[in-house]
Amino acid sequence: MRNSFFCLDFAVNRDHLWKTIDTALSYNQKGCINVVDGVVLTTAHRQPDYLKLLRKSLLSICDSSYLQLYIRALHNQTIEHYTGSDALADAVSSRRYKMMFVGGSEEMHDGLYRNLSRLNPSIKRSHFYAPPQAAVDSFDYRAIASLINRQRPDLIWVSMGAPKQERFMHLLLPHIHKGVIIPVGAAFKFLGDGPVKRAPEWMISLRLEFLYRALTEPRKQIPRCWDILSSLPSLLLKEYRLTRQAKDHQPRQESSGKVDYT
């Protein structure tokens with residue numbers, strides 16, 4: 001089954017994701033997972049260096065119900081819509097992983113700790129780290145990695161917002177000894193006790209979560225929605241053309257498994 005879309009390899013479903021992570025951990029390997037929503041997808045479309053970073057990851061998950069629709073329409077294939085928030089909650093509930101949480105504030109961590117403890121009381125052994133506010137190139141990655149290496153977590157959850165968090169995780173990765181880094185955007189806010197929450201289930205089921213986010217965080221989300229909408233036509237057209245090109249040269253493309261925007 002093909003799972004390469006928009007130049008990224010996607011998990012077909014959550015089982016595929018966790019098997020990939022478990023395999024990496026069983027061999028004491030390290031790596032990154034992409035959590036791809038509209039912001040990540042369109043930023044990768046506009047910034048080749050960002051796309052190049054994402055392509056170095058172990059796998060991507062589909063964090064957008066609309067991305068799921070695009071893949072179905074362009075490739076006649078269905079992949080699971082699996083958000084970063086759901087992945088985090090599943091990992092905590094499974095009680096199988098040692099975890100570390102990077103990003104947000106100490107106040108946010110208090111609420112996150114309380115709510116995650118209800119899913120898994122052993123979360124008290126996890127480490128929560130609130131880095132200083134800084135540009136992505138200004139962090140002391142060796143110092144942050146030293147803290148992580150002392151904790152030896154299996155999963156490192158990073159909440160800084162895209163595209164900063166993806167650049168952060170790839171700059172951090174060379175300095176850590178083991179573990180899989182997963183960027184989860186606003187998941188710390190959603191799962192904490194702060195004012196920012198996920199949309200109601202009925203809005204999520206109708207694919208209206210973006211509207212809820214735009215109404216609750218207009219300054220942040222409306223410009224993001226505009227960036228996505230303005231980039232979407234050319235992004236989808238490029239994927240369609242490259243998909244047609246790949247079909248016309250199928251024997252050559254079968255060996256690589258990907259088409260490239262660059």
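Arg125 is exposed, with a relative accessible area of 61%; exposed means over 50%, buried under 20%, and partly exposed in between, with a 1.4 Å probe and protein chains only. The model before you is predicted, so local features need pLDDT of at least 70 and side-chain atom pairs count only at pLDDT 80 or more, while totals for chains, interfaces and linings use all residues. Residues are numbered from 1 along each chain as its sequence is written, and side-chain values use heavy atoms, with hydrogens and water left out.

Where does Arg125 lie? Arg125 is found in the loop between helix H6 (106-119) and strand E6 (127-129). Helices (H or I, at least four residues) and strands (E, at least two) are DSSP runs, numbered from the N terminus.

Together with Lys98, Lys124 and Arg152, Arg125 forms a positive surface patch. A patch is made of residues with over 30% relative accessible area and no salt bridge; like charges are joined within 9 Å, and nonpolar side chains (Val, Leu, Ile, Met, Phe, Trp, Tyr) within 5 Å. Lys and Arg count as positive.

I turn now to the salt bridges. How many does the structure hold? There are 10 salt bridges in the structure, each being a side-chain nitrogen of Lys or Arg within 4 Å of a carboxyl oxygen of Asp or Glu.

Consider Arg14 and Glu80, whose side chains meet in a salt bridge at 2.7 Å, N to O. Arg14 lies in helix H1 (residues 14-26) and Glu80 in the loop between helix H4 (65-75) and helix H5 (84-94), so this pair ties together parts that are 66 residues apart in sequence. Arg14 is partly exposed at 29% relative accessible area, and Glu80 is partly exposed at 24%.

Next, Arg167 forms a salt bridge with Asp49, and their closest N and O atoms are 3.0 Å apart. Because Arg167 belongs to helix H8 (residues 164-172) and Asp49 to helix H3 (residues 48-54), the pair ties together parts 118 residues apart in sequence. Is Arg167 buried or exposed? Arg167 is buried, with a relative accessible area of 19%, whereas Asp49 is partly exposed at 45%.

Finally, Lys189 pairs with Glu217 in a salt bridge, the closest N and O atoms being 3.9 Å apart. Lys189 sits in helix H9 (residues 187-191) and Glu217 in the loop between helix H11 (209-216) and helix H12 (218-248), 28 residues apart. Lys189 is partly exposed at 27% relative accessibility, while Glu217 is buried at 13%.

Methods: Accessible areas come from the Shrake-Rupley method with a 1.4 Å probe; for residues, only the protein chains shown count as cover. The place of a charge is taken as NZ of Lys, CZ of Arg, CG of Asp or CD of Glu.
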